[in-house]
Structure formats: structure tokens, C-alpha cells
Amino acid sequence: MASSKRYATFYLNSIFFGIQVEKVQEFLEYVDITPIPLSLPVLPGIINLRGQILTTIDLKARMKLEAGGFSGKPMMMVIRTSEGPMNLLVDKIGGVVDVDPELLEKPTETLNAGVRSVTSQVCKLDKQLLLVLDTEKIIQIPAAGADGTTEALARQPVDGVLAT
């Protein structure tokens, strides 16, 4: 057996997701989000984390999942990306799971297109299916045009100014 891979897990609408532990900076209880005027629904705003401004990504909106399915305030998951740290809204924190790399499979075409677009692998665990997300794909959103191109979320204009 090859050495296992570790994933920090969380739930959205009772769906079990994971991100490589190395890509997760921390989990936070919900803090107020400062809205970004005229932004897309996937970008509800920014938070100030100990003096660092982080873009917040609504994962349900990003993956085109129904907004409901959970009562209470969401949790926050800060991830490391090539564009810097980003804040993700998740319903509930899971834990850390170790997965044998031989059990990881390519996502099937039957997955919701929004979920499939950010899922790199899936793993059948004893009691549930783990969907492994790609942090670099998460921070890409479809451009306003119909040509299917994407741009990094951290590079979206805020009040007419390009974020740095």
C-alpha cells in the first residue's frame, strides 16, 4: 500500500468534500463578510483575517448547488492557492481523513457539472463518497463572456480596481 493522502473534510448540503491538508491554512467560525459592490454571487465579499484581506468564495454558488440544505451560520475554511489565501464558506467542518491513493478515482460524468468542474478525484469510503476538490479550479470562475474562458477570482475587479 502506498502512503496515504490526507484530506481536510467538510460538508455542503450533506455532500462530503475534501481538500488536501497541505492546502488548508485554517478553519474559522463565521465572521462578518464585507460585501463587494457589483460582485458576482460567488463572491459575497471579503474578510479581514488578522490584518490580511481575504476574498470569500461561496462554494455553493461556485458549484451551482442549492442555497439551502443547512440551518445555521456557515463555517469558514482558509485555503492556500497560487493567488494567495482565499476564504471558503462551508456548511460544516468534518475532520481529517487518510485515503489510500489507490482508492482515488476520476469523477464520473454523472456529477453535477458545477461540482465536477472543481472535483479532481472521488473516493468511496466505508459510509460515504468523498469528493476531492482542486483549489486552483475553485478560484477560477467563468468569465462574463460565452467563450468559456476563466479568470482567477483574486484578479476580479473590485470597484473598478484590479485586486493585487
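Predicted model: local features only at pLDDT ≥ 70, side-chain atom pairs only at ≥ 80, totals over all residues.

Student: How many salt bridges does a search of the whole structure find?
Tutor: A pair counts when a side-chain nitrogen of Lys or Arg is within 4 Å of a carboxyl oxygen of Asp or Glu. With that cut-off, the search of the whole structure gives five.

Student: Which residue forms a salt bridge with D98, and in which strand does that partner lie?
Tutor: The partner of D98 is R6, with the closest N and O atoms 2.9 Å apart. The pair links distant parts of the chain, 92 residues apart. D98 sits in strand β8 (residues 92-99), and R6 sits in strand β1.

Student: Is R6 buried, partly exposed or exposed?
Tutor: Buried means under 20% relative accessible area, and exposed means over 50%. R6 has 44% relative accessibility, so R6 counts as partly exposed.

Student: Where in the chain is the salt-bridge partner of D91?
Tutor: D91 pairs with K60, and their closest N and O atoms are 3.0 Å apart. D91 is in the loop between β7 and β8. K60 is 31 residues away, in helix α1 (residues 59-62).

Student: Are D91 and K60 buried or exposed?
Tutor: The cut-off for buried is under 20%. D91 has 8% relative accessibility, so D91 counts as buried. K60 has a relative accessible area of 8%, so K60 is buried.

Student: How far apart are the closest N and O atoms of E105 and K124?
Tutor: E105 is in strand β9 and K124 is in strand β10, 19 residues apart. They form a salt bridge, and the closest N and O atoms are separated by 3.9 Å.

Student: What separates the C-alpha atoms of V122 and V132?
Tutor: V122 touches L103, L104 and E105, among others. Its contacts also include L129, L130 and L131. V122 and V132 are 10 residues apart along the chain, and their C-alpha atoms are separated by 5.7 Å.

Methods
Residues numbered from 1 in each chain as written. Heavy atoms only, no water. Helix = DSSP H or I, 4+ residues; strand = E, 2+ residues; numbered from the N terminus. Buried < 20%, exposed > 50% of the residue type's maximum accessible area, 1.4 Å probe, protein only. Contact = heavy atoms within 4.5 Å. Lists of a residue's contacts leave out its neighbours within four places in sequence.
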